[in-house]
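Me: I am new to this structure. Please take me through the labels and the values behind them.

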Amino acid sequence: MTQQIRQGVLCKEWQRTPMQLLQEYCRSVKRQPAHYHNAHSDSEHTFRVRCVLSDAKSKDKDLIFCPTQSVDTTLDDAKHCAALLALLHLEPSRPHERKLPDPYREMWLVLQEEQKQPAFKPFKKSAAAAPDASSDGDAAHGKVVVLTSDRAFASKAEYTQSKRSRENRDRANIPVQVFMSQKARDLVESVLADVDNSLDPMGFQPMHIQAVVDRCPDLTDDTSVLDWLCLNVPEDELPKGFNPNGTQLEVVGYGVVAKAAKALEASAAYDPALHDDVIDQLTACGYSRGDCLRALELANAALPNAHIRRPVEHEIKLELSRQLRRALSVREPDSAGGRSVEELEEALDEELMVMESIYDDKCTKTVLSNLN
């Protein structure tokens, strides 16, 4: 079967280009033939064409189709892309893939598949287009590039009709006015005023107060209002009394408690830059801050000239371990515990066997030399 080039496309005798199919449609409905105009493209080496289907009676009903992407192949290719968008609008269900040559056959199949999917953005009609300047890699692999229309409506008449339909819906769905008695109005205003007057001194921002008034289901309960704010307002925007510091909530102490904490820090020679890391580590393990400071005080008393972090950290942990053993009535460990050398070796072998059963071959036995 012979092939010939029609409008820049290699076609068989029974095949038609997108421009030819659009011309046949215009002839069948007795409409003026389509004409094409150059549109602004991405660069001097790319092409973009606008397809216009004029209406004999009203200029507002002229249909205009133009892809958003530019084409870097030929001017005829850009015209075919615009013609595909026109066919999409005029005959979306027609099986044009039976007559279209490659690559427009694949483009039309993708086009119809896009039409079947729900459109989240109806003002962007998508189709498959020839490769553009920004998709040279896709063109090399023969992939189909999806294009979008540069306008929401094909004609000014469609835009006007859509605007009128929207206005009619708005008029048909006017918000219902609620009429209240003066007593009910005063009650509502008093509740809103109480919320504003109670939250503003706490340090909440006006935008957050307005949000809780609009969205909180129960404004009469102060606990519900504060719970809603703590759950919905970002932590860094909460007032100081509600803002969590770090990974835990800090209890801010006042009066006697704060003075006692300051005195304990002073007696322990507490230095935030030197001791914060080890104290945070110990408090995360469950020790209280007071116990850590008292252990620091004892460590500094035993090593009054120690300014290096590692010895002080070791002494703090050792002192806390001693306090924990005394609290649990656990005997301090000694060197041998009254056991013989054979008993110690047997106990070590049992511990090694347990460790190997847990960690398999990751557990190894290393004999240390005499540390003395």
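Reply: Start with burial. Buried means under 20% relative accessible area, exposed means over 50%, and partly exposed lies in between, with a 1.4 Å probe and protein chains only. In helix α10, H275, V278, I279 and L282 are buried. This is a predicted model, where local features need pLDDT of at least 70, side-chain atom pairs count only at pLDDT 80 or more, and totals for chains, interfaces and linings use all residues. Residues are numbered from 1 along each chain as its sequence is written, and side-chain values use heavy atoms, with hydrogens and water left out.

Me: What makes α10 a helix, and what span does it reach?

Reply: Helices are DSSP runs of H or I with at least four residues, strands are runs of E with at least two, and both are numbered from the N terminus. Helix α10 covers residues 272-284, which is 13 residues. The expected span of a helix is 1.5 Å times one less than its number of residues. Just after α10, G286 takes a positive phi of about 120°.

Me: Why is α2 called largely enclosed?

Reply: Because 12 of its 16 residues are buried, α2 is largely enclosed by the rest of the structure. Among the buried residues are D77, H80, C81 and L90. Helix α2 runs over residues 75-90 and reaches 23 Å, close to the 22 Å expected.

Me: What makes T74 a cap of α2?

Reply: A side-chain oxygen of T74 lies 3.2 Å from the backbone nitrogen of D77, at the N-terminal end of α2. A polar contact is a pair of N or O atoms within 3.5 Å; within protein, one must be able to donate a hydrogen and the other to accept it, and residues adjacent in sequence count only if both atoms are side-chain atoms.

Me: How do you know which strands pair with β4?

Reply: Two strands pair if DSSP finds at least two bridges between them. Strand β3, residues 35-38, is joined to β4 by 4 bridges, and the two run antiparallel. There, H35 has V52 as its bridge partner. β4 also pairs with β5 in the antiparallel sense, over 3 bridges. L53 and L63 are bridge partners there. As 4 of the 5 residues of β4 are buried, the strand is largely enclosed by the rest of the structure.

Me: What makes β1 and β2 a hairpin?

Reply: They have 2 residues between them, and Q7 in the turn has a positive phi of about 50°. Strand β1 (residues 3-6) and strand β2 (residues 9-12) are joined by 4 bridges and run antiparallel. R6 has V9 as its bridge partner.

Me: Why is A56 called exposed?

Reply: A56 has 68% relative accessibility, so it counts as exposed. A56 is found in the loop between β4 and β5. A56 and R31 are 25 residues apart in sequence, with 7.8 Å between their C-alpha atoms.

Me: Why is E319 called buried?

Reply: Its relative accessibility is 11%, so E319 counts as buried. E319 lies in helix α12, residues 309-328. Contact means heavy atoms within 4.5 Å. E319 touches A295, L298 and R326, leaving out residues up to four places away in sequence.

Me: Why is K99 called partly exposed?

Reply: K99 stands at 40% relative accessibility, so it counts as partly exposed. K99 is found in the loop between α2 and α3. With residues up to four places away in sequence not counted, K99 touches W14, Q15, R16 and L21.
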